[in-house]
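Hi,

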Amino acid sequence: MSILPIYVFDHPILRKKADIINSIDDSLISFIADMKQTMHYADGIGLAANQVGSPLSLTVIDISPMTGYEQTKPLTIINPRILYYSDEDTDYEEGCLSLPYLRDTVIRPDAIQVRFMDENMKEHTIEADGLLARVLQHEIDHLHGIYFSDRLSSIRKTLMQNKLKKISRGDISPEYDIILSNGELITFQEED
Ligand code: ZN
């Protein structure tokens with residue numbers, strides 16, 4: 001397994017709509033394992049394939065590090081489709097491995113029904129609410145080229161402009177390797 005560099009704002013692949021996966025082979029299975037390892041290494045609870053440079057409709061989620069969700073199993077989500085959104089909205093402070101150091105409160109529907117396939121191409125339809133619904137919506141947004149910052153009010157977006165520019169310039173040093181909008185790789189240097 002290997003830890004992959006994470007593409008950050010505003011690399012073009014993060015604005016692309018993902019391609020449907022029609023078949024699963026060994027190289028995809030090993031890529032999914034790399035995605036999970038990368039997510040854990042970077043302390044994320046979700047990672048979409050375009051965040052590690054792949055155009056595929058694929059995301060991995062593991063919310064078990066979060067208090068109260070220790071029993072929640074990790075998920076591999078292929079070709080997801082949200083079938084239903086609840087009328088009730090909630091707000092929650094989100095972050096994103098592609099937007100290092102940015103956090104803001106995002107309003108989203110509290111519950112969803114989502115259909116997807118797992119790594120065995122078995123179809124699942126699940127109801128999710130709370131944190132799982134939140135992370136699913138955040139990751140499925142990535143597969144449509146959407147960042148959580150796109151969902152903020154225009155005033156919040158304006159306030160974020162300078163921080164976004166810093167990220168795209170590479171004027172940040174998260175504790176994982178990143179690929180900038182121009183394709184440049186910046187490796188994480190452990191400080192003494
Ligand atoms: Zn994200």
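This is a predicted model: local features need pLDDT of at least 70, side-chain atom pairs count only at pLDDT 80 or more; totals for chains, interfaces and linings use all residues.

**The zinc site**

The zinc ion is held by three protein donors: SG of Cys-96, NE2 of His-138 and NE2 of His-142, at 2.0 to 2.2 Å. Along the chain, these donors follow the spacing C-x41-H-x3-H. Cys-96 sits in the loop between strand S5 (89–94) and strand S6 (104–109), while His-142 belongs to helix H2 (residues 130–142), so this pair ties together parts that are 46 residues apart in sequence. Are these two residues, Cys-96 and His-142, buried or exposed? Both of them are buried.

**The salt bridges**

Searching the whole structure turns up 11 salt bridges.

Let me begin with Arg-15 and Asp-150, whose closest N and O atoms are 2.8 Å apart. Arg-15 is in the loop between strand S1 (6–7) and helix H1 (26–41), and Asp-150 is in the loop between H2 and helix H3 (154–169), so the bridge ties together parts that are 135 residues apart in sequence. Arg-15 counts as partly exposed, at 36% relative accessibility. Asp-150 is partly exposed too, with a relative accessible area of 29%.

Helix H1 comes up again in the next pair. Glu-119 and Lys-36 meet through their side chains in a salt bridge of 3.8 Å, N to O. Since Glu-119 lies in the loop between strand S7 (111–117) and strand S8 (123–129) and Lys-36 in helix H1, this pair ties together parts that are 83 residues apart in sequence. Glu-119 is partly exposed, its relative accessible area being 27%, and Lys-36 is partly exposed at 23%.

A further salt bridge joins the side chains of Arg-115 and Glu-123 (3.9 Å, N to O). What about the accessibility of these two partners? Arg-115 counts as partly exposed at 30% relative accessibility, whereas Glu-123 is exposed, with a relative accessible area of 53%.

Finally, there is a network of salt bridges to look at, which links Glu-94, Arg-108, Arg-134, Asp-141 and Arg-151.

Best wishes

Note on methods:
Residues are numbered from 1 along each chain as its sequence is written. Side-chain values use heavy atoms; hydrogens and water are left out. Donors are N, O and S atoms within 2.8 Å of the metal (3.2 Å for Na, K and Ca); water is not among the atoms, so sites may look incomplete. Helices (H or I, at least four residues) and strands (E, at least two) are DSSP runs, numbered from the N terminus. Buried means under 20% relative accessible area, exposed over 50%, partly exposed in between (1.4 Å probe, protein chains only). A salt bridge is a side-chain nitrogen of Lys or Arg within 4 Å of a carboxyl oxygen of Asp or Glu.
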